[in-house]
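Thanks for coming, everyone. Let me put the structure on the screen, and then I'll walk you through it.

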Amino acid sequence: MADRSFKLEIVSPQRVVFVDSVESFTAPGTLGSFQVLYNHAPLLSSIGIGEVKVVDTKGQAFRYATSGGFVEVRQNHVVTLAETAERWDQIDVERAKAARDRATKRLAEKKADTDLVRARAALARALNRLRIVERE
């Protein structure tokens, strides 16, 4: 069978998260999820809070929680610049639960000085992490 793989790099400000050849890459685009396969057309997209799914050349799937960033697809090379990217088995569940609880409390208190946009984003990130862990 012909090689249908392409190079994928997932990079966050803290570290290089993933670099390898893969068969499939799925991301939470801000206008809807999308999948990249071999010979995909050039693309530049923003991504939001959600799940990135990678299928390597052996058919093994890896899932990552991401909180936003950008994806560039060009000539069988995908580069993802993610604000954060945490593989499902490396997510600190207790930390995610604590973040969820803090954000929920801030939103429930309805104080005038609460940054609602920031609190809602924190809640969405925490819930995303927990959802990804629970799916495994």
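Gln60 touches Val54 and Val55, leaving out residues up to four places away in sequence. Contact here means heavy atoms within 4.5 Å. Gln60 sits in the loop between β4 and β5. It counts as partly exposed because its relative accessibility is 44%. The cut-offs: buried is under 20% relative accessible area, exposed is over 50%, and partly exposed is in between, with a 1.4 Å probe and protein chains only. Now look across to Arg95. Gln60 and Arg95 are 35 residues apart along the chain, and their C-alpha atoms are separated by 27 Å. Keep Arg95 in mind.

Some ground rules. This is a predicted model, in which local features need pLDDT of at least 70 and side-chain atom pairs count only at pLDDT 80 or more, while totals for chains, interfaces and linings use all residues. Residues are numbered from 1 along each chain as its sequence is written, and side-chain values use heavy atoms, with hydrogens and water left out.

Now the overall layout. The chain has 2 helices and 7 strands. From the N terminus, the order is β-β-β-β-β-β-β-α-α. Those are DSSP runs numbered from the N terminus: helices are H or I with at least four residues, strands are E with at least two. The C-alpha atoms fill a box of roughly 60 × 30 × 25 Å along the principal axes. Of the 136 residues, 38% are buried. Take contacts between residues at least 6 apart in sequence: 51% of them join residues at least 24 apart. The chain exposes about 8,300 Å², and carbon and sulfur atoms supply 50% of that. Those areas come from the Shrake-Rupley method with a 1.4 Å probe; for residues, only the protein chains shown count as cover.

On to strand pairing. Two strands pair if DSSP finds at least two bridges between them. β1, residues 6–11, and β2, residues 16–27, run antiparallel and are joined by 6 bridges. They form a hairpin with 4 residues between them. Ile10 stands opposite Phe18 in β2. β2 also pairs with β4, antiparallel, over 4 bridges. There, Phe25 faces Val54 in β4 as its opposite residue. Recall that Val54 is one of the residues Gln60 touches. β2 is also joined to β3, residues 34–36, by 3 antiparallel bridges. Ala27 has Phe34 in β3 as its bridge partner. That β2 and β3 hairpin has 6 residues between the strands, and Gly32 in it takes a positive phi near 130°.

Where else is phi positive? Most residues other than glycine have a negative phi. Asn39 has a positive one, near 65°. Asn39 lies in the loop between β3 and β4, and it counts as exposed because its relative accessibility is 52%. Gln75 is not a glycine either, and its phi is about 50°. Gln75 is in the loop between β5 and β6. At 71% relative accessibility, Gln75 also counts as exposed.

How many cavities of 30 Å³ or more does a search of the whole structure find? It finds 1. On a 1 Å grid over the protein atoms alone, a cavity is a set of points where a 1.4 Å probe fits but cannot get out; a pocket is an open set with protein on both sides within 12 Å along at least five of seven lines; lining residues have an atom within 4 Å of a point. Volume is the space filled by probe spheres set on the points, and points are joined across faces, edges and corners.

The largest cavity has a volume of about 40 Å³. β4 (43–56), β5 (61–73) and β6 (77–82) each supply at least two lining residues. β5 gives the most, with 3 residues. By class, this lining has 8 nonpolar, 2 polar and no charged residues. Nonpolar means Ala, Val, Leu, Ile, Met, Phe, Trp, Tyr, Cys and Pro; charged means Asp, Glu, Lys and Arg; the others, Gly among them, are polar.

Last, the largest pocket, with a volume of about 270 Å³. It has 14 lining residues, and the closest to its centre are Arg95, Ala99, Arg102, Arg125 and Arg129. So much for keeping Arg95 in mind. The elements giving two or more residues to this lining are α1 (93–109) and α2 (116–134). Its classes are 4 nonpolar, 2 polar and 8 charged.
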